[in-house]
Amino acid sequence: MKRTATFKLAVVTAATTILPVAWAAGQLAASTGDQASHKVRWLRLPDATLECLDFGGPKGAPLLLFLPGYGNSAHIYDDIAPAFTERFRVLALTPRGQGASSTPDSGYTVGTLASDVRALLDSLDERTAVLVGHSVAGAIITRFAARWPERTTALVYFDATMDFGNRDSVLAANPVPRPPPTDSSPEGWRRWYRDVFYGFWSNAMQNDIASYSTDSSARNRPRLLPALLRDATSHPNEYRLTKAPILVVAALKALEANYPWLRTTEGSAARQQAQLYLDRVLNPWYMAGARRLQQERVDAEVLSIPGHHFIFITAQQRVAQAVLQFLGHLPH
């Protein structure tokens, strides 16, 4: 049965101060409205309504679609997406149960989210697209390309090739846990995100957190969303089934970027423990995923950049240039 959807325009005017409900973070107020260069549209499916950001681009240009990682919204790409609008029509899709998208009772699987991407393309009358995925979205774009190779122009993975089967054990091995927030005020949350959780701040991060739905159904997200990680764990990636050109941008985790609260503790035991963990556990886990992709797709390009898991924010210019160069080599 063909899945039908309607794609209706709705430009959102953000209030000066927004108090979002962010299930992973508590409450955080946005000091300014969303000033990013996009329009907010809504993809209406039979069981969900998904937020889609339209960054523009030349009429008739190839479509480039960004998909965020676990818990993030399409706004996480607000800073980097405009770098591609000269050559592409650029969109970003917020998955079900994340950001301002609705929270249906089911559908939190790699296969369903890949079908949501297809529904978006169908609603736009777009035959093909370049798909860019961060983190767990790597599994989604892989599944899409494996199911519909004729609709996939290229695949770009932003630190998105890890094996989720041993994710919990890898993260549990961290010997230097992140300090918890001590100030529950909005500004306290902002400082904690900036100085501890991410170690940086940007307009995209601000817009991402401020976009979270205040609908009562969003309270179900902590219960529903983990199903996506479980599904990504139980279904191996299918790189060998894909045919589109591939670029992997892998973040080589640096201590300064991943333990920002230790930046001023040169020589401390905690820094030494953290560095050992990065060298012996975390980076090998991420790199093993990239090697696996290369084994199944020997023609894939892999670029490693020192930094943070959100490498497309912390190394925005370098990442954008690498992606544009990669896409520039594709046949038109």
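Reply: Two residues are in contact, or touch, when they have heavy atoms within 4.5 Å of each other. This is a predicted model, where local features need pLDDT of at least 70 and side-chain atom pairs count only at pLDDT 80 or more, while totals for chains, interfaces and linings use all residues. Residues are numbered from 1 along each chain as its sequence is written, and side-chain values use heavy atoms, with hydrogens and water left out.

Me: Thanks! What does Thr-109 touch, leaving out residues up to four places away in sequence?

Reply: Thr-109 touches Leu-228 and Asp-231.

Me: OK, zooming out. How many helices and strands does the chain have?

Reply: There are 11 helices and nine strands in the chain. Of its 332 residues, 54% are buried. Take contacts between residues at least 6 apart in sequence: 76% of them join residues at least 24 apart.

Me: Let's go to α1. Which angle does α1 make with α2?

Reply: About 65°, with the axes of helix α1 (residues 110-124) and helix α2 (residues 137-147) 8 Å apart. That makes α1 roughly perpendicular to α2. Axes are lines fitted to C-alpha atoms, for helices over the stretch in contact, and angles run from 0 to 180 degrees between N-to-C directions. Angles of 65 to 115 degrees count as roughly perpendicular, under 35 as roughly parallel, over 145 as roughly antiparallel and the rest as oblique.

Me: Which residues make the contact?

Reply: On the α1 side they include Val-110, Leu-113, Val-117 and Leu-121. On the α2 side, Ala-139, Ile-140, Arg-143, Phe-144 and Arg-147 take part.

Me: What about α1 and α7?

Reply: Helix α7 (residues 226-234) packs with α1 at an angle of about 105°, and their axes are 8 Å apart. These two helices are therefore roughly perpendicular to each other. Val-110, Gly-111 and Leu-113 of α1 meet Leu-228, Asp-231 and Ala-232 of α7.

Me: Strands next! Which sense do β7 and β8 run in, parallel or antiparallel?

Reply: Strand β7 (residues 152-158) and β8 run parallel, joined by four bridges. Two strands pair if DSSP finds at least two bridges between them.

Me: How many residues of β8 are buried?

Reply: Seven of the eight residues in strand β8 (residues 246-253) are buried, so the strand is mostly covered.

Me: And β2 with β3?

Reply: Strand β2 (residues 39-44) and strand β3 (residues 49-56) pair in the antiparallel sense over six bridges. The two form a hairpin with four residues between them, and Lys-39 stands opposite Asp-54 in β3.

Me: Nice. Now some loops: where is His-308?

Reply: His-308 lies in the loop between β9 and α10 (311-314). At 6% relative accessibility, His-308 counts as buried. Beyond neighbours within four places in sequence, its contacts include Phe-197, Tyr-198, Ala-251 and Lys-253. Its C-alpha atom is 9.0 Å from that of Gly-199, which is 109 residues away along the chain.

Me: Last one: what is the phi of Asp-125?

Reply: Positive, at about 60°, although Asp-125 is not a glycine. Most residues other than glycine have a negative phi. Asp-125 is in the loop between α1 and β6 (129-134), and Asp-125 is exposed, with a relative accessible area of 71%. Ser-135, in the loop between β6 and α2, also has a positive phi, near 55°. Ser-135 counts as buried, at 10% relative accessibility.

Key:
Buried means under 20% relative accessible area, exposed over 50%, partly exposed in between (1.4 Å probe, protein chains only).
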